[in-house]
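Hello,

Here is the structure I promised to pass on. Please open it next to this email and follow along.

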Amino acid sequence: GQSAWYKAQPASGVGAFVVTIQMGWGDCPSGCIDKHQWQFAVLPDGTVTLQSETGSPLDPNGMPPASGS
């Protein structure tokens with residue numbers, strides 16, 4: 001399976017976008033045991049604001065291990 005992806009979608013027709021980023025780890029060939037997702041609003045002037053963050057906890061010492069580790 002795919003462990004990381006992003007998606008950008010137009011928001012409300014005013015030149016803004018909603019960008020979703022997802023990262024997964026832990027047996028990703030089977031769909032990833034753990035996943036973490038962020039959603040950002042990107043305004044036409046380039047301002048980026050975190051709208052939501054959900055999913056499995058992230059390791060405070062760094063990123064999760066690469067798939068298969």
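**The disulfide**

One disulfide (a pair of cysteine sulfur atoms within 2.5 Å) turns up in a search of the whole structure. Before the details, a word on the source: this is a predicted model, where local features need pLDDT of at least 70, side-chain atom pairs count only at pLDDT 80 or more, and totals for chains, interfaces and linings use all residues. Residues are numbered from 1 along each chain as its sequence is written, and side-chain values use heavy atoms, with hydrogens and water left out.

Which cysteines form the disulfide? They are C28 and C32, with sulfur atoms 2.1 Å apart. The link between C28 and C32 is right-handed, with 115° about the S-S bond.

Are these cysteines buried or exposed? Buried means under 20% relative accessible area, exposed means over 50%, and partly exposed lies in between (1.4 Å probe, protein chains only). C28 has a relative accessible area of 1%, so C28 is buried. C32 is at 11%, so C32 counts as buried too.

**The sheet**

Now look at the strands. A strand is a DSSP run of E with at least two residues, numbered from the N terminus. Two strands pair if DSSP finds at least two bridges between them.

Four strands make an open sheet in the order β1-β2-β3-β4, and the pairing is antiparallel. β1 (4-11) and β4 (48-55) are the edge strands, each pairing on one side only. From one strand to the next, the twist averages 15°. The axes here are lines fitted to C-alpha atoms, and angles run from 0 to 180 degrees between N-to-C directions.

Take the pairs in turn:

- β2 and β3 run antiparallel, joined by nine bridges. V18 stands opposite A41 in β3.
- β3 (residues 34-42) and β4 are antiparallel over seven bridges. A41 also faces a residue of β4: T49 stands opposite A41 there.

The hairpin of β3 and β4 has five residues between the strands. In that hairpin, G46 takes a positive phi near 95°.

A16 lies in strand β2 (residues 16-25). A16 has a relative accessible area of 10%, so A16 is buried.

What does A16 touch, not counting residues up to four places away in sequence? A16 touches Q9, P10, A11, V42, L43 and P44. Contact means heavy atoms within 4.5 Å. Also find D45: D45 is 29 residues from A16 along the chain, and their C-alpha atoms are separated by 8.7 Å.

Best wishes
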